[in-house]
Amino acid sequence: MMSSRQLEERWEREINQHIARALEMSIEDIESLSFEVENNESDEGVVYGQIIRFHLEHCDPDALSRVPNLENDWVMIAPLPVGPDEPE
């Protein structure tokens, strides 16, 4: 059985892989970037996709230059897969 930490690390890898595919970037580039993931959703809670907001001062400039459609410090992608349940 996996520990909570192992599950969290596995989920983070899966999210990074999804973001890499969505942005057509390498996983190495994605892992060299510092970012947060926010929902792009309606007032009713319908999720249209995710906003990837980059912490520019903590990102590898070369990798950041390869992010397609970068708007200032963010880019929008299709919805991410639903994550594992939060531990109680």
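Mentor: Let's begin with contact, or touching: heavy atoms within 4.5 Å. Before we use it, note that this is a predicted model, in which local features need pLDDT of at least 70 and side-chain atom pairs count only at pLDDT 80 or more, while totals for chains, interfaces and linings use all residues. Residues are numbered from 1 along each chain as its sequence is written, and side-chain values use heavy atoms, leaving out hydrogens and water.

Trainee: Which residues is Ile27 in contact with, leaving aside its neighbours within four places in sequence?

Mentor: Asn16, Gln17 and Ala20. Ile27 itself sits in helix H2, residues 27-31. Helices here are DSSP runs of H or I with at least four residues, strands are runs of E with at least two, and both are numbered from the N terminus.

Trainee: How many helices and strands does the protein chain have?

Mentor: Three helices and three strands. Going along the sequence, the pattern reads α-α-β-β-α-β. The C-alpha atoms fill a box of roughly 40 × 35 × 20 Å along the principal axes, and of the 88 residues, 27% count as buried. Among contacts with a separation of 6 or more, 45% come from residues 24 or more positions apart.

Trainee: How do you know that S1 and S2 pair?

Mentor: Two strands pair if DSSP finds at least two bridges between them. Strand S1 (residues 35-41) and S2 have seven bridges, so they pass, and they run in the antiparallel sense. Asn39 has Gln50 in S2 as its bridge partner, and Glu41 has Val47. The hairpin of S1 and S2 has five residues between the strands, and there Gly45 takes a positive phi near 95°.

Trainee: What about S2 and S3: in which sense do they pair?

Mentor: Antiparallel, over four bridges, with S3 covering residues 74-77. The partner of Arg53 in S3 is Trp74.

Trainee: Why is Gln50 called buried?

Mentor: Gln50 comes in at 6% relative accessibility, so it falls under the 20% limit. This residue belongs to strand S2, residues 47-54. Beyond residues up to four places away in sequence, Gln50 touches, among others, Val37, Asn40, Met76 and Leu80.

Trainee: What makes the link between the side chains of Gln50 and Asn39 a polar contact?

Mentor: A polar contact is a pair of N or O atoms within 3.5 Å; within protein, one must be able to donate a hydrogen and the other to accept it, and residues adjacent in sequence count only if both atoms are side-chain atoms. The Gln50 and Asn39 side chains make theirs at 2.5 Å.

Trainee: How many aromatic pairs are there?

Mentor: Rings of Phe, Tyr and Trp (its six-membered ring) pair if their centres lie within 6.5 Å; planes under 30 degrees apart are stacked, over 60 edge-to-face, and the rest tilted. By that rule there is one pair. The ring centres of Phe35 and Phe54 lie 6.1 Å apart with planes at 65°, so the pair is edge-to-face. Phe35 is in S1 and Phe54 in S2, so the pair ties together parts 19 residues apart in sequence.

Trainee: Why does Phe54 count as buried?

Mentor: Its value is 3%, so Phe54 is under the 20% limit too. Its contacts beyond four places in sequence include Leu33, Phe35, Cys59 and Trp74.

Trainee: Which residues touch the most other members of the largest nonpolar core?

Mentor: A nonpolar core is a set of buried Ala, Val, Leu, Ile, Met, Phe, Trp, Tyr and Cys residues joined through side-chain atoms within 4.5 Å. Of the 17 residues in the largest one, Ile19, Leu23, Ile30, Leu33, Phe54 and Val67 touch the most other members. Helix H1 (4-23), S2, helix H3 (61-65) and S3 each supply at least two residues, and the largest share, four residues, comes from H1.

Trainee: And what makes Leu33 buried?

Mentor: A relative accessible area of 8%, so Leu33 is under 20% as well. Leu33 lies in the loop between H2 and S1, and its contacts beyond four places in sequence include Met25, Phe54, Ala63 and Val67.

Note on methods: Buried means under 20% relative accessible area, exposed over 50%, partly exposed in between (1.4 Å probe, protein chains only).
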